[in-house]
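Hello,

Here is the structure we talked about handing over. Please open it alongside this message; my notes come after it.

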2 protein chains.
Amino acid sequence: MTIAMPEDLTHNQAIVLDCLIEAGRAMTAYQLLDELRDTGLRAPAQIYRALSVLARRDLIHRIESLNAFVACRHGDHSEIVAFAICDDCRTIWEFTLPRDSSLNAKADSKGFTINSAIVELHGRCAECKETRKQWLGH
Amino acid sequence: MTIAMPEDLTHNQAIVLDCLIEAGRAMTAYQLLDELRDTGLRAPAQIYRALSVLARRDLIHRIESLNAFVACRHGDHSEIVAFAICDDCRTIWEFTLPRDSSLNAKADSKGFTINSAIVELHGRCAECKETRKQWLGH
DNA sequence: CAATTGAGCGTGATATTATAACAGATGTTA
DNA sequence: TAACATCTGTTATAATATCACGCTCAATTG
């Protein structure tokens, strides 16, 4: 799947987004800084500024539990976005929760209005589980 | 609701847990350090060590989106724990997701095995929504 | 008993993550 | 033109978290 790269990004924003898309994985701000040092980005503030614009536009997501950032891979941001993070291979699967999920139901039942939600699952993806089984001789 | 204070905690662990329980809200490690400086806890490492034991025992939870810690208010840790955080009054409502939630279903459908989950809702609690309505003259 | 082990402790230093503050450049609007 | 908003590069600093050392104490074990 090719990720769309908007035309109206500034130079720095485009560079940072491109790096995240190319990487295909979550990267911390300082990992981005290391990667991008020879493109002229030298200071944390430059990275964080770009990240903050990209995140506001939902072109990237911040993974709270990794203090890292990942290029967005889906469309509809009116639904709750969730991540399944494989702690073996670091792959991140991005998906959305239906509007009538038990999460929304619980919140509604208490009169809680959701502005934003962080949903991050940690565990093992199907591939790594298979691999692990082989190691263990199953 | 009174929160149980286990007997087998060390001095520092008990002090930190007690502070979180008394506070009734999420506190960062450095807020705890400030509060507890006159009890003899002087260094970040002391706080973080206590927090790490308490978290391992599920006596506290880390709120990723606040970089903060809160005393646990419920029992069953075999279910997914979720937090609804009021961004007005900072109150945190802790609840669990049913084992057959759409979250588990989605993960299962992809063969993803959940080891741990972070679910943090941000928004406005029922009380604050009322208050806000009054401000706006509704 | 002595030896070992493991957990926790206090301390100082350091690593990692993130923001503040300032001044210059650029494009847009009035 | 002037006012403005946004982005830029830079330096410095704040906020969050861990490492490494040597010490104590209690439990285990030979």
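Predicted model: local features only at pLDDT ≥ 70, side-chain atom pairs only at ≥ 80, totals over all residues.

Chains A and B

Chain A superposes on chain B by a rotation of 180 degrees, with 0.0 Å of shift along the axis and an RMSD of 0.0 Å. That relation is a two-fold axis. Within chain A, A:Val119 has the C-alpha nearest the axis, 2.3 Å from it. As for the interface, 100% of the interface residues of chain A are interface residues in chain B too, so the copies meet through the same surface.

The surface near DNA strand C

There are 20 residues around DNA strand C, and those that come nearest are A:Ala45, B:Thr10, B:Asn12, B:Ala43 and B:Ala45. Sorted by class, the residues of this surface are ten nonpolar, eight polar and two charged.

Which helices supply at least two residues each to this surface? From chain A they are H2 (29-36) and H3 (44-56), and from chain B they are H1 (11-23) and H3 (44-56). H3(B) gives the most, with six residues.

H1(A), residues 11-23, and H2(A) have axes that come within 11 Å and cross at roughly 105 degrees. Angles of 65 to 115 degrees count as roughly perpendicular, and H1(A) and H2(A) are therefore roughly perpendicular to each other. On the H1(A) side the contact is made by A:Ile15, A:Val16 and A:Cys19, and on the H2(A) side by A:Leu32, A:Glu35 and A:Leu36. This contact of H1(A) with H2(A) has five nonpolar residues, no polar residues and one charged residue.

H2(A) also packs against H3(A), at an angle of about 115 degrees and with the axes 9 Å apart. That makes H2(A) roughly perpendicular to H3(A). Is the crossing of H2(A) and H3(A) left-handed or right-handed? The crossing is right-handed. A:Ala29, A:Leu32 and A:Leu33 of H2(A) meet A:Pro44, A:Ile47, A:Tyr48 and A:Leu51 of H3(A). By class, the contact of H2(A) with H3(A) consists of seven nonpolar residues, with no polar and no charged ones.

A:Leu32 takes part in the contact of H2(A) with H1(A) and in the contact of H2(A) with H3(A).

Regards

Conventions:
Residues numbered from 1 in each chain as written. Chains lettered and ligands numbered in written order. Near = placed C-beta within 6 Å. Helix = DSSP H or I, 4+ residues; strand = E, 2+ residues; numbered from the N terminus. Nonpolar A, V, L, I, M, F, W, Y, C, P; charged D, E, K, R; others polar. Least-squares fit on C-alpha atoms with pLDDT ≥ 70 in both. Contact = placed C-beta atoms within 7 Å. Axes fitted to C-alpha atoms, helices over the stretch in contact; angles between N-to-C directions. Parallel < 35°, antiparallel > 145°, perpendicular 65-115°, else oblique. Left-handed = near helix turned anticlockwise from the far one by under 90°.
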